[in-house]
Amino acid sequence: MKVPHQPLNPYTRNFEIDLQRLNLTYSNNFSDTGNLLAVAYQFDDETEFWVAPIRFSGTGVPVGDNEVDRYQHINDYKQQQRGLKLEVRESFGRWGVMGGLEMRRNTFDEISVVKEDYKNSPAPAAPVFLAGDVMSDSFRKERTRAAYIEASLGVSDATTLTTNYRLDRIDLEDEDRMTASQGSKSLRVHSWRVGLDHRLSDRTALYGGVSTGFRTPTLTELAGNPDLEPEHTLTYEIGMRSSVDLLGWRTHLNGSLFHIERKDFILSNVGQYVSNRVGGDIFHDNVGHTVSRGLELALQTEVQHQLGFDVAYTYLHNRFSRYDDYHLALGNAQGGTKVNSLADLTNPLTQVYFQHYNNKGKTVPRSPEHTVNFRTHWHPADGWRLTAELDHRSSSYADEINQEKNPARTLLNLMLSFDRDVRVFGNERSRLRAFVKVDNVTDKRYWLIARGHHDANRDGVYNAEDLSIVPSPGRTWSAGLSLKF
């Protein structure tokens with residue numbers, strides 16, 4: 001198999017990441033069937049990285065692809081997520097009821113600074129961006145307060161009906177420190193689900209459901225269009241699960257068909273990732289609509305002869321059913337003079353032409369049609385498990401116009417784990433869990449993600465050389481240890 005081209009200077013690189021997570025959980029069984037659960041958490045993420053390879057130095061001299069440390073900006077990103085969830089469950093005969101409250105407060109502090117002098121065009125009149133210049137400096141806060149309830153009813157000994165409803169109140173605030181401007185917006189969104197489970201026999205059951213979901217617009221998206229509506233999803237699913245004896249292993253099977261409609265998809269009205277130099281009145285709008293259909297199959301065996309197996313397969317047909325306006329930039333999208341036709345694009349380094357596409361019916365990029373995961377578990381002794389995993393993803397498109405592809409890849413991963421009760425503090429039992437994992441054992445070269453949305457090398461042609469690629473990290477090792485007491 002041909003090894004995909006690995007860029008020396010991907011769009012982002014040199015990441016420095018500091019993560020921290022704290023959790024506190026309280027659980028109380030206040031009756032034989034009732035439980036009170038409280039969870040509080042805080043997650044901190046501080047990340048610094050380089051963005052956008054430099055094409056021209058501050059004096060207009062072209063910068064080669066082999067100059068891997070020449071980048072435009074250093075981005076510093078600080079995120080904090082805090083939350084509290086309270087949940088109560090109780091059963092009354094054929095009824096089961098659950099209710100809860102959730103509160104979240106997320107903050108995002110971002111600044112982007114010029115790393116070294118650069119220009120977007122070799123033209124003498126093109127502006128120079130100087131090292132240390134602040135390109136953006138912003139602070140955002142999102143506060144969510146939600147209430148939800150779920151009820152299940154045993155309609156008969158074989159049939160259970162489940163419904164739930166959730167109401168979210170989301171308050172958004174942001175501040176642009178460079179312009180001293182502030183914005184705020186409050187949104188109220190609800191979602192629900194109805195599901196039915198019917199047992200055909202002791203080993204086989206049918207299930208199905210209809211559910212909704214949402215994504216609220218950001219303040220950046222709302223700034224140009226205060227009338228933006230949240231994105232909404234509507235999901236239908238029907239499936240069957242069963243237990244059978246297969247070659248001496250008790251095996252659990254699950255298969256389902258799904259249909260997902262994503263409505264009011266929020267995009268720029270000139271297309272995703274398109275430069276605002278395309279011209280006209282540019283803003284975010286509810287312009288997109290996608291339809292996803294597919295099949296999921298899963299097989300899991302119980303342990304026999306110290307061995308167990310898992311297999312999962314997904315087929316996904318994911319298409320844009322509405323995406324009328326997309327403009328792909330050919331030439332210099334950042335600093336080039338705009339021309340009105342491809343024939344007028346005679347110097348791509350100093351000119352740009354925006355080619356229009358209607359992407360209705362195109363495949364949603366970065367959504368592989370086939371994914372397969374196969375795992376074998378060996379249990380050599382009590383508490384020990386060695387897992388070998390094969391993970392395959394088929395090729396997928398890297399761009400909205402469905403021209404360039406992210407190649408298929410298959411990875412081998414290994415993990416050795418230990419999980420059993422131990423006595424650490426006196427006679428009290430504690431649960432010890434530990435693991436060592438090797439991902440990509442064969443050190444395979446592949447692309448983690450690839451995006452294509454303009455003529456990045458400014459030669460007037462859009463092709464595979466213009467993709468923004470995050471290469472694989474190669475073989476990686478990880479280990480973990482936890483003690484629960």
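Predicted model: local features only at pLDDT ≥ 70, side-chain atom pairs only at ≥ 80, totals over all residues.
I began with Arg262 and Glu231, whose side chains meet in a salt bridge at 2.8 Å, N to O (a salt bridge here is a side-chain nitrogen of Lys or Arg within 4 Å of a carboxyl oxygen of Asp or Glu). The two lie 31 residues apart, Arg262 in strand E13 (residues 249–268) and Glu231 in strand E12; strands (E, at least two residues) are DSSP runs, numbered from the N terminus.

Residues are numbered from 1 along each chain as its sequence is written, and side-chain values use heavy atoms, with hydrogens and water left out.

Next I looked up Arg215, which also forms a salt bridge with Glu231, the closest N and O atoms being 3.2 Å apart. This pair joins strand E11 (residues 204–215) to strand E12 (residues 231–246), 16 residues apart.

Is Glu231 buried or exposed? Glu231 is buried at 3% relative accessibility (buried is under 20% relative accessible area, exposed over 50%, partly exposed in between; 1.4 Å probe, protein chains only). Arg262 is partly exposed at 27%, and Arg215 is partly exposed at 29%.

Then I went to Asp69, which has a salt bridge to Arg13 with the closest N and O atoms 3.1 Å apart. Asp69 sits in the loop between strands E3 (56–57) and E4 (71–92), and Arg13 in strand E1 (residues 12–28), 56 residues away. I have Asp69 as partly exposed at 41% and Arg13 as partly exposed at 23%.

Last, I noted a salt-bridge network linking Glu67, Arg70, Lys115 and Glu116. The structure has 34 salt bridges.

Key:
Helix = DSSP H or I, 4+ residues; strand = E, 2+ residues; numbered from the N terminus.
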